[in-house]
Amino acid sequence: MADKTKVTEQYYAPPPDLGGWESFRIFLYNSETGQVLGRTGSSWAKILLFYVIFYAVLVGFFAGMLAIFYQTLDAKMPKWQMDSSLIGSNPGLGFRPMPDSATVESTLIYYKANDKGSVLRWAQVIDEFLEDYRKKGSGSGEASGAENRVPCSPTSGPVGEHQVCDVPVDDFNPCTSSKQYNFEEGGPCVFLKLNKIFNWTPMPYNNTEGLPDNMPEDLKQHIKLVSGKPEANTVWVSCEGENPADVENIGPIQYIPRRGFPNFYYPFTNKEGYLSPLVAVLFEKPRTGVLINIECKAWAKNIQYDRYERRGSVHFELMVDRS
């Protein structure tokens, strides 16, 4: 009897043709398999656990590196100082008041002496700048460390460990807030300050030996008068018109309370309450209606001067109008 092989043929029906929305709905949640977004609950749990562990290790590693980094820093003292730092050891000279942020590229101080609104605008800018200088306590609304400020003079001894020298700006008569910094009189006051450099100590020209050839003659005479005295230990300041016409128009100048920044304010060591010393430059009678280019310089043996790079000096323009 011949063997007979029985062949059974099987047919598989193709999957139903689902519409776009139906396919998307099943992708979001498949009720037959329990899958959400194409994965089962256990699959999603494994993925979630992996990322929790991964990011926990990543955050822990970052926090550890940050903690090690902070161990190398000192909140009171920079790691890199003087020539090793980015700002170097040559302090810059700044001035106030400066034009508002809308004209930040301008260095022009322009106002109308007979316009109270124009005068008050500049006086308010200086008031804001001097606000910390007028705070004397550490209570509510006062400056932190202001109680550490003590009066200093060229003949006073060194200050205490936590003390700093005060800058009595309300004594800079007539460059005071009550007199609107003399702007209304047509002879405005401009405040100068040296930028702070940690641990920088000035080397002053305290006698007539080795004075620079380009130092103004009137400053040389002033140094000659105080040579050998305690007040000679000062970073001197001079302001002049940049061009012959500016020299002619700038008029007489006063430096208040003294002609420079005394050595007793230095070095800056980040003591709480420290204030940068100021010099108020009073332009007594500048010619009105004329723009005057002014350059102010700081003079010390360890301050290098370069007009083009503005090292050791500052430039601004002054124009007083009465129209």
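Two strands count as paired if DSSP finds at least two bridges between them, and strands themselves are DSSP runs of E with at least two residues, numbered from the N terminus. The model examined here is predicted, so that local features need pLDDT of at least 70 and side-chain atom pairs count only at pLDDT 80 or more, while totals for chains, interfaces and linings use all residues. Residues are numbered from 1 along each chain as its sequence is written, and side-chain values use heavy atoms, with hydrogens and water left out.

**Exercise 1.** Determine the order of the strands in the open sheet of 4 strands, and explain why one side of E3 and of E9 is left without a neighbour in the sheet.

Solution. Begin with the order, which reads E3-E7-E11-E9 with antiparallel pairing. Strand E3 (93–96) and strand E9 (253–256) stand at the edges and have a single partner strand each, which is why one side of each lacks a neighbour in the sheet. From one strand to the next, the twist averages 25°. Then turn to the pair formed by E7 (residues 189–194) and E11 (residues 279–283), which is antiparallel and extends over 4 bridges; within this pair, Phe 191 has Ala 280 of E11 as its bridge partner.

**Exercise 2.** Identify the strands that E8 pairs with, and decide how far E8 is covered.

Solution. Strand E8 (residues 234–241) is mostly covered, with 7 of its 8 residues buried, where buried means under 20% relative accessible area with a 1.4 Å probe and protein chains only. Strand E10 (residues 260–262) runs antiparallel to E8 and is joined to it by 3 bridges, with Pro 262 as the bridge partner of Thr 234. Strand E12 (residues 292–299) also pairs with E8 in the antiparallel sense, over 6 bridges, and here Gly 241 stands opposite Ile 294.

**Exercise 3.** Locate the residues at the centre of contacts in the largest nonpolar core, and list what Leu 130 touches.

Solution. A nonpolar core is a set of buried Ala, Val, Leu, Ile, Met, Phe, Trp, Tyr and Cys residues joined through side-chain atoms within 4.5 Å. The largest one has 58 residues, and those touching the most other members are Leu 130, Phe 172, Phe 191, Leu 192, Phe 261, Leu 278 and Ile 294. Leaving aside residues up to four places away in sequence, Leu 130 touches Val 169, Tyr 181, Phe 191 and Leu 278, contact meaning heavy atoms within 4.5 Å. A second, separate core of 9 residues includes Tyr 205, Leu 211, Ile 223 and Trp 236.

Terms used:
Buried < 20%, exposed > 50% of the residue type's maximum accessible area, 1.4 Å probe, protein only. Axes fitted to C-alpha atoms, helices over the stretch in contact; angles between N-to-C directions.
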